Structures are given as C-alpha cells and as structure tokens.
Amino acid sequence: MAIEVRNVSKRFGDFVALDDVCIRVNDGALTALLGPSGSGKSTLLRIIAGLESPDSGEVEIADEVVTDTPARTRDVGFVFQHYAPFKHMTVHDNVAFGLTVRKRPKAEIRERVSELLGLVRLDGLAERYPSQLSGGQLQRMALARALAVQPRVLLLDEPFGALDAQVRAELREWLRRLHEEIHVTTIFVTHDQEEAMEVAEQIVVMNKGKIEQAGTPRELYESPRNEFVMSFIGPVNRLGEARFLRPHDIQILPSAAGEGTEALIERVVHLGFEVRVELKLGDGRDIWAQVTRESAQELELHEGQILAVRLPEPRVFAA
Amino acid sequence: MSFSKLGLRTIALGYLALLLVGPVAMIFYRTFEHGIAPVWDAVTAPNAVHAFWLSIEIVAIAVPLNTAFGVGMALLLERGSFKGKVLLSTLVDLPFAISPVVVGLALVLVYGKTGWFGDWLIGHGIQVIFSVPGMVLATAVVSLPFVVRETAPVLRELGTDAEQAAATLGAGAWLTFRRITLPAIRWGVVYGVVLTTARALGEFGAVSVVSGRIEGQTQTLPLYVQGQFENFNITGAYASAVVLALLALATLIAMNLLTRRTRRRTAV
Amino acid sequence: MSATGSPTASAAAPRRLQAPALLGGGRAAGVLGKGMIGVYLSVLVLLPVAALLAKAGSGGLDAFWREVSGPQAQAAIKLTLVMSAIVVAVNAFFGTLIAWVLVRDEFPGKRTVNALIDLPFALPTIVAGVVLLALYGTNSPLGIDVAFTRASIALALLFVTLPFVVRSVQPVLIEMDRSMEEAAASLGAGPLTILRRIVLPTLTPAIVSGVALSFARAVGEFGSLVLITGNLPFKTEVGSVYVFSQIQDENLPAAAAVSVVLLAAALIVLGALTFVSRWRSKHVL
C-alpha cells in the first residue's frame, strides 16, 4: 500500500512541527524518517497513523484519502518507542487484542497469536505478563500485536531507542529480515543515522519541520543536496564557509615529499578496523582523515609525524 | 467526542455542586441572611468564645505532640532496624479504622473512673475523663497518623545517601538530623501538620464521649455547635459553624499551596 | 582519620551505617527515643484498644453475642453496613468520574475545583452535618427535605467520603501512559472499548484502595450524622450512634461489643485490600 503525504503542515502553539511536507512511500517499501529531535519526524509519523491530524494537507494510503479518518479505522499498525504494553494483560492477550476487538472467533485468534509469537520468537511466553519481559522481548511483542490485524501499513516510532546497543543491533537486523518476509509498507522513525542507513531502503531526511532530501542510503551519502544532509549522514570535515570533505577521501601520501599539502599528525586514534588520524594543515586548519588499519601500519603513522596529504575537491553547497 | 466530554464534565461538576458547594454556600448565606450583627453577637457570646479558646488550647497541645512523635515514628519506620515495624505501622494507622466514638469509649475504659487506671488516677488527684487532659488525649489519638503518613514516604524517597555522606564526614546523629534530614523532609512534615491541625480542630465524636459536654467548661467549638443546635439556637450554631468552616477553608488553601512543594501527584 | 571521630565511624561501621546516625548512632538516644515512642503509642492506641477488646469479651462469648444480637444493636449494625456499602459503590463511580474530569479535561476554575475536593477532609464533621441540613433539611430552599430519613445517612456519608476515591485515582491517571490508549485505538478499539479494557483495569487497584478507605471511614462516621438523621432507633440510628447512646446509658459492655463489630468490619475490608494489592503486584505489576 503506497503512502502519499501532500503539503502537510502542523503547529503546536507557536512551534512549527511540520512545514508543507510532501513525501511518497512506495508499496512494500521499508522507509526511514531520519532527523534530529524536533525535526518533525514523529509528528509526521503520527499524522500518517491518524493519531494526530494535520492543520493542512492530505494523507493518502493506497490511493485513498485518509486525512480525516481516525486511527481506529485507518488500518495501520503502530509500534511505540516504549512499547505501550497492556500491562494488565498477558502476552497472548496483548497480541490478540486487535483481533478480539474485531470479534474474531476464539480458535482463529489462538492460532494467529501462536503463529505470530513464533514469528517474533516469543513462543512459550504467551502466558507471561509484560513486567516479566525484557525490553527486546517487549518490542517484539509490540510488533506482533501490531501485525496481528494485518495492517496495510506498519509504522514504528523510534522502536529501538529505549534498548541497549547490543539488543538494538540484533533487532535492526531482525526487522529487516521480517520485512523481507512480510513485505508490509513500513516506515520507521529514528535519529540514528547508522540505523537508517543499515535498515532502510529509502531514507527521508528531515530537519526543523521540512524535508531536506529523500533517497536511497547510497544516494544520500554520495550526492547530498546540502550541508545538513552531508553532515548528518556520514562523517564530515568542514573547511571554511561551505566546503566539505569526507574523511576517507583524504589520501595520506607516503613520506616522499613533493605532492599534496603538508600536515602534522596531532593524534592517532585506533578504533578497531578503522583508524582516525587528526591532522593540522600547514595553514593552521584542523581536519581528520579515516584510514584502514593496514594503511596506518604501512605508513607507520604516529603522533608528531609530518607528512603530505592529498585533499580531494571539497563539496560546495549553495548558500 | 467532545459532546461526551462535556457531558462528563457536567455530571462531575453537577455532583460536586449538589454535594459540596451548594450546602457550604447555603450555610454562608443562611448565616449572614439577617446581617452581620446577629452573627457577631453569636460568635462573641461568652460560651462561644470559651469554646473557641478551648479548641485552640487542645490543638496547641495535641498537634506539637503528634508532630514530634510523628516524625520520630516516621524515622523509626524508614530508618530504624528492629522487628515489629509491621506492628508499629498498624498501630499508627489504627485511628483511621476506628470510629471516633469508639476512640472515646476506649479511652474511658482505660482512664475513666471505672477504667484500668481509674483508681490510680483518682488516688493521685488526676482527672482525665470529663476534663481537658482527656480531650487532649482523644484529639491526639484521632489525629495521630497524619504526620507519620506524610513524612515516612518522603524519608523513603530521600534515601540514606546524604545521611551516610554526613556520617562519613564526622557528623553525629542529632546534627545529621537537624541539618541534613529535617530540611529535606520539611514540606512533608508541614503538610502533615496542616492535616493534623484540621483534624484536631474538627474532632467531634471522641471528644464528645470524653468531655461530658459541659457548656462553658468542656465544650470545644464543634461540641458548642451541636449544643446550640439542640437548644434551637440556630443562629448561634450557624455562626460557630461558619467560623469552623472558615478555618477549614484556610486549611484547604494551605493544603493546596503545599501540594506543589511536596510534589504530591494530585496537583492538576 | 575517623578513628577518633563520631560514634558512627566505629569498628562495626558497615552495618551500623545502614540505619545511619539517627537512631543507631547514639545508642542511648536511640533506646530512649524508641522507649518514648513506645509509651506514647501505648497510652494513645495500644492500651485503649486492649481495654476495648477486654471489655467486649468481659462477660465471655455469650455475653458478647447477646449484646451484639439485640434487636436495636442489630438494626444499627445492619444499617451501618448496608449504607456504607451503598455509599462506597456510588463513590467508586462518581469518584472515578470526577478524577477523570480533573485530570483529562480543561476548564476555567479547574484548580479551584480540585482544591475543593479536600473540603470534607478539612471540615469538621459536625459542620458537615449542619451544612447538609441547611440545603437538604427542614428549611431547604430546594424543597428537598431528607432530615430524619435513611437518605440523609447516605447523603452525609457521601459527603465525608468524597475525597477518598478521587484522590486515590488521580495520581494513577496522571501517571498513566497515554500510548496504551493510542495503541488500542490504532488496533481498532473505540472509546468505550478502550475505557473498558485498558483504562479501567489500570485504575482498578486505585479504585479498590479508595473504596476500602471510604468504607472504613463510613462505618465509623458519627459527627455528620447526629444532627441530620435524628438518630431514631431502628430507623436512622447507625452503629456509632448506638454505641454513643449505650455509653450515655453507662452500658459499657454493650457499647464495647458493638464497637468491636464495627472495628472488625473496617479492619477486614482494609485487610482484604492489602492482601489483594500484594497479590496483584506479585502477579502483574
């Protein structure tokens, strides 16, 4: 089910949360709304879900205008950052909730819940209460609950924000695989650029209520449209007013002099596979370069070393 | 959705108007219906004045007692280490479950002339029941739990970290209490004192049993109100009731102002 | 450094610090404090309750039973229990509704209304009776006169127990996570379903707590009833009033016996509440 948002605006008092936003999500796609806090991404998601209504603009799901339809009848699945479990119900009853509301027969409910619990790997926990589950388990339960009613669209609001790094990584991977299996149009909100790049097929970068750019992870990384997108996605060096360099594009030359710009190594940081080299250029500017372990070893990089670097053409954005 | 919201609001406010606001407004109206003069006369009648001061006197003794012991009991519950905390907690809460009249009866059974200590008290010339000490006692019992119940949770939430830090820095027991613990719990204590005072001022049943209700001698203001009513002196009854109601409103205001200080979760 | 320092920095320090300086420290002070509190509680609560129980049982079980099952005593006890039960049921409904409106709704004067809820706590019970009499008694401007009827008992009890359920439910409502309701809505639940299956179950422990406290209060209520009910035996005489009349007649064993029944009723309900809430928090929370 494709989703289309046209010219949606929303304010809360004096605060402009969304300013004339338009996006299109293809049927079956896995899309991320990426941006810092206050960018409007959660508001946009909640408007798509029907939990908020826009001040102006339209929302369409599967070519049907749903702007005035409440969440209840919009047939969307929503997963909250803090899982919103029904604490007084068992895992089974949580997952079954949407189905009991639709008055499905008991046998059908039991079967479907069982199937879903298997899918999210929570079998055997059906009779537990939310207070007895871990964060990761609760989030999987929330997903199963949302999927139980076979929604047209699945929306996740910072689904992994409240979890430990390790669990977060596991669940990211798991979400992607789930999507491959189920193919529901999915949108998730995140402020974590790495998460968006890793999981989503399409990313919509937002800032201060506006869309900065939308595209595949690769497109955004290699052809950022402006300064914000470039610095939000991927590491960046800023050279003066509006000139930007990717650290891994900076080439460190073997000490044979002649080419390139002179630079002094101020610090070498070993981050496992990647090595970060903080440099001071001849003209006093500070930049940092990213090299592999091998290169660092080969060039015998160390603090205080003076060598030459080749800087690529910086990316310049119109003001 | 907003139709039903309006409906709910109307029902709730209507209920409160009929049960709470209406009657209180009515009393003020009826009291001052014929002007201030009769009210003033009623309120300044000697027995009324005596009742007022007697109430104040009793409160002035019972409340500080309950405050001091209340804080002590809260400390015992939250900082003490001994068996029998459950017993202590139960005893503290018991006055909530006992009818005031029963409190009076129980006190008579211990301190009355046929009570457990009756003979001993008479022998030492001490009169408890039918006299002010008994009324103080009764008032103290019914208003016992408040300071404890308001202070204990604050103590619990506060935790012992600051006190332990003080100990490691060499502070003794009293100093730690005075400069670390007490400032931290003060609003809880104050709120408890306000509740205690309100309860003590308004006490009726227990004091009724214990006092003998002798006009001009052992009548507190609430008892005076009843007395006036029974003597068909409606103006006198209403006037004194209004005095008590005004004190109650003052209590309400104090409670409300303190609500934010103590971070109670009923401020809306 | 601390070897010569405060009493708390003694060799037995680790365990002592758990009950820091305050009561463990000055040993003598601690014992004295506990002693004084012990005496205070004995004088005020322990001895009187013991004397009450002793008096009630002083003639043996037979005498106790006789006092408690006399027609007038029975009438009073039944009236108290029935009226209290009715009143707490009404409170459960209206108290929750009022708490809901105070937390979820906005209107001018809301803060004042919220403050007024505590009025029954602050107002002397005798004044509550006078106040209700003014509006619903003999000279009622509304033409509603419930004086000397059973309805007046309900009225007075509703007044004095108003705050319990409201104040019990409010904090829970305030803390409640709205996303549960949104989740239910996104799953297709309508407002009534959300109320029934999500909101009320979450509020139930608080409502039960408020109800138990209301009941205990209602069973013992006295001051607000003396004027408006007329205290007519077999008609409008409640348990506490019966006890009072027996004291006046110097029939202390009868008074003590019925007192014990009333006390037991309150304690049983309060005890049941504690039991249920412990069971629940082990199970669900």
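How much area is buried between chain B and chain C, and what share of it do carbon and sulfur atoms give? Select both chains together: about 8000 Å² is buried between chain B and chain C, with carbon and sulfur atoms giving 80% of that area. Buried area here is the accessible area (1.4 Å probe) that two parts lose on being put together, summed over both.

Before going on, a word on conventions. This is a predicted model, in which local features need pLDDT of at least 70 and side-chain atom pairs count only at pLDDT 80 or more, while totals for chains, interfaces and linings use all residues. Residues are numbered from 1 along each chain as its sequence is written, chains are lettered from A and ligands numbered from 1 in the order in which they are written, and side-chain values use heavy atoms, with hydrogens and water left out.

**Stop 1: confidence**

The model scores ipTM 0.89 and pTM 0.83. Now colour chain C by pLDDT, the predictor's confidence in each residue, from 0 to 100. The mean for chain C is 86, and 88% of its residues reach 70 or more. Within chain C, confidence is lowest in helix α1 (residues 13–16), at a mean of 40, and highest in helix α4 (residues 71–104), at 95. Over residues 1–25 of chain C the pLDDT is below 50, and beyond near neighbours in sequence this stretch has 35 contacts in the model. A contact means heavy atoms within 4.5 Å. Helices (H or I, at least four residues) and strands (E, at least two) are DSSP runs, numbered from the N terminus.

**Stop 2: chain B on its own**

Hide the other chains for a moment. Chain B has 13 helices and zero strands. Its C-alpha trace spans about 70 × 70 × 30 Å along its principal axes.

**Stop 3: chain B against chain C**

Bring chain C back. Of the two pairs of chains that touch, chains B and C have the most contacts. Their contact takes 90 residues from chain B and 93 residues from chain C.

Next, select B:Arg9 and C:Asp105. These residues form a salt bridge, with their closest N and O atoms 2.7 Å apart. The count between chain B and chain C is one salt bridge, the term being a side-chain nitrogen of Lys or Arg within 4 Å of a carboxyl oxygen of Asp or Glu. Six residue pairs, both at pLDDT 80 or more, are in polar contact across the interface of chain B and chain C. A polar contact is a pair of N or O atoms within 3.5 Å; within protein, one must be able to donate a hydrogen and the other to accept it, and residues adjacent in sequence count only if both atoms are side-chain atoms.

Highlight helix α1 (residues 2–32) of chain B: this helix gives the largest share of the side of chain B that touches chain C, 18 residues. By class, that side of chain B has 62 nonpolar, 20 polar and eight charged residues. Ala, Val, Leu, Ile, Met, Phe, Trp, Tyr, Cys and Pro count as nonpolar, Asp, Glu, Lys and Arg as charged, and the others, Gly among them, as polar.

**Stop 4: chain A against chain C**

Switch to chain A. Chain A and chain B do not touch; their nearest C-alpha atoms are 12 Å apart. With chain C, however, 23 residues of chain A are in contact with 20 residues of chain C. Chain A and chain C bury about 2000 Å² between them, 63% of it on carbon and sulfur atoms. Select A:Arg72, A:His88 and A:Phe97, which supply 29% of the area that chain A buries against chain C, more than any other three residues.

Then pick C:Glu182 and A:Arg46, whose side chains meet in a salt bridge (2.5 Å, N to O). α3(A) gives the most to the side of chain A that touches chain C, with four residues.

**Stop 5: strands in chain A**

Finish with strand β1 (residues 3–12) of chain A. Seven bridges join β1(A) to strand β2 (residues 15–25), and the two run antiparallel; two strands pair if DSSP finds at least two bridges between them. Within this pairing, A:Val8 has A:Val21 in β2(A) as its bridge partner. Zoom in on A:Gly13, which takes a positive phi near 65° in the hairpin of β1(A) and β2(A), where two residues lie between the strands.

On to strand β4 (residues 56–61) of chain A: five bridges join β1(A) to β4(A), again antiparallel. Here A:Glu4 stands opposite A:Glu60.
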